[in-house]
Amino acid sequence: MITKTLKNSSIRTGRSFDLGKMNLSQLWIAYLTYPTILLYFALVACSFTVMAYTWTTLAPVAVSIGAVMLVYPLVWYAIHRFILHGRFLYRMKWSASLWKRIHFDHHQDPHLLDVLFGSPLNTIPTIAIVTIPIGYAIGGMPAAAAAFGAGLTITCIYEFFHCIQHLNYKPRMSWIQRMKQRHVLHHFHNENGNYGITSFVADRLFRSYYRDARGCPRSPTVFNLGYDVKEAQQYPWVMEETGAPPRDRPDGANPTRNAA
Ligand SMILES: [Zn+2]
Ligand SMILES: [Zn+2]
Ligand SMILES: [Zn+2]
């Protein structure tokens, strides 16, 4: 069943899995065999080992894990809102392909698993920079290892829920339905809000939260993030790498099939 799913070309678009064509059990198989996710699992095991070898007491480890759980959604929120949705990365040649990979491609076609998952080359250093200093300040080596492990674990959870948000199915649990709806609005209604993935606390705090389509006008740049054909003439690098001009909506997509 696992190899059959992995070889099933009807759930792919190009080389990537397409969440718009998959069901939940196919997602589980794709997720649990995906190299980036397996790399995170391996690094969680390494962090755990380092923590165990340098272990002193429980308190600093517990505090640093708690601190990471608090800080993490805020950091992701800030990265998503101000860096990924900032207009500066595509305007510089050296960062244009980074921006394309880390967010533009995901908004151009939100179903493609290959660009939904962050690249480990970008995510792992970011996770390390955010978590290790927090842990180290709280309790030295074991707490730093625990913090890094916690950051990686939260990332795995985020990535799974993010997949569910783009999977062509309606979750059974109402809180997951609500979470999915908010993120779908970020992709198909107005990208200047609902930046959270699993939690919208930061969106409420910083006034970027909206509950439904009536709460916010429809944005014409929801799929291209402001990188339209006109911008592409001035800043051509993302377009050159794509090999095609930016699209105003995903290929052959029918936005209603994404509605949670
Ligand atoms: Zn998304
Ligand atoms: Zn699609
Ligand atoms: Zn976004």
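Visitor: How many salt bridges does the structure hold?

Guide: The structure holds three salt bridges, a salt bridge being a side-chain nitrogen of Lys or Arg within 4 Å of a carboxyl oxygen of Asp or Glu. This is a predicted model, in which local features need pLDDT of at least 70 and side-chain atom pairs count only at pLDDT 80 or more, while totals for chains, interfaces and linings use all residues. Residues are numbered from 1 along each chain as its sequence is written, chains are lettered from A and ligands numbered from 1 in the order in which they are written, and side-chain values use heavy atoms, with hydrogens and water left out.

Visitor: Which residue meets arginine 91 in a salt bridge?

Guide: Arginine 91 pairs with glutamate 231, with 2.8 Å from N to O. Helices here are DSSP runs (H or I, at least four residues), as strands would be (E, at least two), numbered from the N terminus.

Visitor: And is glutamate 231 buried or exposed?

Guide: Glutamate 231 counts as buried, at 14% relative accessibility, whereas arginine 91 is partly exposed at 33%. Buried means under 20% relative accessible area, exposed over 50%, and partly exposed in between, with a 1.4 Å probe and protein chains only.

Visitor: What about lysine 100, which residue does it form a salt bridge with?

Guide: The partner of lysine 100 is aspartate 105, and their closest N and O atoms are 3.1 Å apart. Lysine 100 is buried, with a relative accessible area of 11%, and aspartate 105 is buried as well, at 16%. There is also a salt bridge between the side chains of arginine 214 and aspartate 212 (3.3 Å, N to O), where arginine 214 is exposed at 77% relative accessibility and aspartate 212 partly exposed at 27%.

Visitor: Switching to metals: which residues coordinate the zinc ion (ligand 1)?

Guide: The zinc ion (ligand 1) is coordinated through the NE2 atoms of His106, His162, His166, His183 and His187, at 2.1 to 2.2 Å. Histidine 166 in helix α7 (residues 120-166) and histidine 183 in helix α8 (residues 174-188) link distant parts of the chain, 17 residues apart. Donors are N, O and S atoms within 2.8 Å of the metal (3.2 Å for Na, K and Ca), and water is not among the atoms, so sites may look incomplete.

Visitor: What spacing do those donors follow along the chain?

Guide: The donors of the zinc ion (ligand 1) follow H-x55-H-x3-H-x16-H-x3-H. Of the residues in that pattern, histidine 166 is buried at 3% relative accessibility, and histidine 183 is buried at 1%.

Visitor: Which are the protein donors of the zinc ion (ligand 3)?

Guide: They are His80, His85, His103, His107 and His186, each through NE2, lying 2.1 to 2.3 Å from the zinc ion (ligand 3), with the sequence spacing H-x4-H-x17-H-x3-H-x78-H. Histidine 103 and histidine 107 are four residues apart in helix α5 (residues 93-108), so about one helical turn separates them, and both of these histidines are buried.

Visitor: And what coordinates the zinc ion (ligand 2)?

Guide: Asp109 (OD) and His111 (ND1) coordinate the zinc ion (ligand 2), at 2.4 to 2.5 Å. Aspartate 109 is buried, with a relative accessible area of 10%, and histidine 111 is buried at 1%.

Visitor: What is cysteine 163 in contact with?

Guide: Leaving aside neighbours within four places in sequence, cysteine 163 is in contact (heavy atoms within 4.5 Å) with Leu19, Leu27, Leu113, Leu116 and Phe117.
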